[in-house]
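I opened my notebook today to look up how this chain is put together. Here is what I wrote down, entry by entry.

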Amino acid sequence: SSRELLPGLQVMEFTPATSGEPLAVSLARLRADPDVQYAEVDARRHAHAQPADPLFAGQWYLQAAANAPSAVNAQAAWDLANGGNGIVIADLDTGIRYDHPDLQRALVGGRLLPGYDFVSVAAVANDGDGRDDDPSDPGDWVTSADLATPTFKDCTAENSSWHGTRTAGIIAARANNNAGIAGTTWRGFILPVRVLGKCGGFDSDIIAAMLWSA
């Protein structure tokens with residue numbers, strides 16, 4: 001039987017000449033027919049693992065390199081694997097917003113483990129204290145008034161970046177959940193480790209956080 005796709009292009013179902021005839025032999029026999037210009041198998045293909053997240057279309061950095069040369073082509077990687085439940089990724093950054101709907105705490109089905117705040121200078125931490133077991137991000141804005149103080153005299157006035165929440169989302173936002181974006185890994189957990197606050201952070205805090213995380 002056959003059906004026409006285009007003039008001169010047919011999809012055909014045929015019976016091998018002999019029982020058990022290898023596919024390569026059947027193709028060679030078809031290709032040898034003077035009435036056949038070429039013959040290829042009507043192979044089955046599968047869609048890339050495209051998550052059902054409404055903002056994924058804007059995540060150019062996870063898509064195929066044809067869309068952006070610096071993209072990581074996560075879709076092709078997701079066809080092979082999309083993460084492991086036992087993986088924990090430490091995210092050393094400005095802290096985290098535990099209330100973010102595409103992240104949330106692991107205890108309620110989210111991706112975020114309890115972490116730690118290593119910012120030791122209270123003014124930089126911006127949360128009223130120094131190091132503690134709460135890596136929540138209170139914001140890292142810097143005001144004009146801050147610039148008049150010794151701690152922030154070499155800084156720049158700016159709004160809060162929420163950078164830690166953003167990087168945590170790129171790494172492991174809950175994927176295929178019909179909400180927000182898709183994380184690079186769809187399984188595993190983020191360990192939020194706060195090392196940056198107002199106008200950045202210090203090497204001593206970052207190194208301590210690296211050792212603790214490891």
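**Entry 1**

Strands here are DSSP runs of E with at least two residues, helices are runs of H or I with at least four residues, and both are numbered from the N terminus.

A note to myself on sources: this is a predicted model, where local features need pLDDT of at least 70, side-chain atom pairs count only at pLDDT 80 or more, and totals for chains, interfaces and linings use all residues. Residues are numbered from 1 along each chain as its sequence is written, and side-chain values use heavy atoms, leaving out hydrogens and water.

**Entry 1: the sheet**

In what order do the strands of the open sheet lie? I found 3 strands in the order β3-β5-β4, with parallel pairing. β3 (88-93) and β4 (116-117) are at the edges with a single partner strand each, so one side of each has no neighbour in the sheet. Two strands count as paired if DSSP finds at least two bridges between them.

I then checked each pairing. β3 and β5 run parallel and are joined by 6 bridges, and L92 stands opposite V193 in β5. β4 and β5 (residues 189-194) also pair in the parallel sense, over 2 bridges. Y116 has V193 in β5 as its bridge partner.

**Entry 2: helices on the sheet**

Helix α5 (residues 163-172) packs on the sheet and touches β3 and β5, its direction making about 155° with that of β3. Helix α6 (residues 203-213) packs on the sheet too, touching β3, β4 and β5, at about 170° to the direction of β3. Contact means heavy atoms within 4.5 Å. The angles run from 0 to 180 degrees between N-to-C directions, with axes fitted to C-alpha atoms, for helices over the stretch in contact.

**Entry 3: the whole chain**

I counted up next: the protein chain has 6 helices and 5 strands. Its radius of gyration is 27 Å, well over the 17 Å that the globule rule gives for 214 residues, so the chain is more spread out than a compact globule. That radius is taken over C-alpha atoms, and the rule is 2.2 Å times the number of residues to the power 0.38.
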